[in-house]
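I am opening a notebook on a structure that is new to me. The entries below record what I looked up, in the order I looked.

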Amino acid sequence: MNDRLDQLTPQSDAAKAVDLNCDFGEGFGAYTFGQDDELLQYVTSVNIACGFHAGDPHTMRTAARKSLAAGVAVGAHPGLPDRLGFGRREMKITASEAYDYVVYQVGALSAFVQAMGGRLRHVKPHGALYHMAGRDQEIAAAVVKAAADVDKRLLVFGGSGSLLLNEARRQGLGAVSEVFADRTYRADGTLTPRSEPGALLAGTEAAVQQAVSMAAEGKAYTASGDIIAIKADTICLHGDGPHAAAFAHSISSALLAANISLRAPGAVL
């Protein structure tokens, strides 16, 4: 992975560094989703679907193989057991159920990665589980404990300022603060819900500007245009839009031009 990371790092010493991550392997059977292959050249981490909201043994193996070959950090993307809703609908689950869901999915993907000579690096809950773990203490604790029980070296990706990250720190796991380049934020640092006006930034240029601002200065925009403080360890790039690869290229190029290194959390250059 170091060779790949060296290619993504400016030649001069950079004071700032950020990870670019994308959700990966979210197909199922004969169905594909997103622009996986195109995005691999721009990201430094991937979050592979583990079979509940998307993915199956074959797509998991294929996604892990491609990611390891590309030299990016491989993470698990466990979701709720709701394939029809793509894991985006909240479900009433207990903390015990959340724990079992995460252990089951993370353990499965970790086995594939280990079989190919690699190591799983992080866990990022998917969709509704991500948001539930960000605000519900019991769910957050269960998700983190599940990750720790599979491998205490795993990092936990969560929203900036979320309960999930606080719980990861409490349980002794590395906490990676995630932000979104193309989304606006509320004054409290949470994402503006997609159901509300202004949830998405208008145009690539605005998203690129925000990505650089978040990585370089820790600043993001609200729907009303105000600036708030935010911690950006990793920036999520969605792979399901028609221009996802071009968007990823614009973001990565702008970050490098701003002398911001691109590397996976915990990577040593």
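Entry 1. Which residue is the bridge partner of Leu155 in β6? I looked it up and found Gly174. I note at the start that this is a predicted model.

Entry 2. I stayed with Leu155 and turned to its other side. In β5, Leu155 stands opposite His122. I then noted the strands themselves: β4 (residues 122–123) and β5 run parallel and are joined by two bridges. Between β5 and strand β6 (residues 174–180) I found five bridges, again in the parallel sense.

Entry 3. How many of the five residues of strand β5 (residues 155–159) are buried? I found five of the five, so the strand is largely enclosed by the rest of the structure.

Entry 4. I picked Glu167, which lies in helix α7. Is Glu167 buried or exposed? Its relative accessible area is 2%, which is under the 20% cut-off, so Glu167 counts as buried. Leaving aside neighbours within four places in sequence, I listed its contacts as Gln137, Ala140, Ala141 and Val144.

Entry 5. I went on to helix α5 (residues 127–135). Its buried residues include Ala128, Leu129 and Tyr130, and also Met132 and Ala133. What do the buried residues of α5 pack against? I noted α4, α6, β5, α7 and β6.

Entry 6. Next I looked at the largest nonpolar core, which has 70 residues. Those that touch the most other members are Val46, Tyr185, Ile235, Ile251 and Leu255. Helix α6 (residues 137–150) gives the largest share of this core, eight residues. I then took Val46 from the list. Beyond its neighbours within four places in sequence, Val46 is in contact with Cys22, Phe24, Leu40, Ser67, Val72, Ala73, Val74, Gly75 and His122.

Entry 7. I looked up Ser45, which is in strand β2 (residues 45–49). Ser45 has a relative accessible area of 0% and is buried. Which side chain makes a polar contact with the side chain of Ser45? I found that of Asp19, at 2.8 Å. Not counting residues up to four places away in sequence, Ser45 touches Asp19 and His122, among others including Phe157, Ala264 and Pro265.

Entry 8. Last, I checked backbone angles. Most residues other than glycine have a negative phi. Phe86 has a positive phi, near 55°, and is not a glycine. I placed Phe86 in the loop between β3 (73–77) and α4 (95–115). Phe86 is buried, with a relative accessible area of 15%. Asn259 also is not a glycine, and its phi is positive at about 65°. I placed Asn259 in the loop between α9 (244–257) and β10 (260–262). Its relative accessibility is 29%, so Asn259 counts as partly exposed.

Note on methods
Residues are numbered from 1 along each chain as its sequence is written. This is a predicted model: local features need pLDDT of at least 70, side-chain atom pairs count only at pLDDT 80 or more; totals for chains, interfaces and linings use all residues. Side-chain values use heavy atoms; hydrogens and water are left out. Helices (H or I, at least four residues) and strands (E, at least two) are DSSP runs, numbered from the N terminus. Buried means under 20% relative accessible area, exposed over 50%, partly exposed in between (1.4 Å probe, protein chains only). A polar contact is a pair of N or O atoms within 3.5 Å; within protein, one must be able to donate a hydrogen and the other to accept it, and residues adjacent in sequence count only if both atoms are side-chain atoms. Contact means heavy atoms within 4.5 Å. A nonpolar core is a set of buried Ala, Val, Leu, Ile, Met, Phe, Trp, Tyr and Cys residues joined through side-chain atoms within 4.5 Å. Two strands pair if DSSP finds at least two bridges between them.
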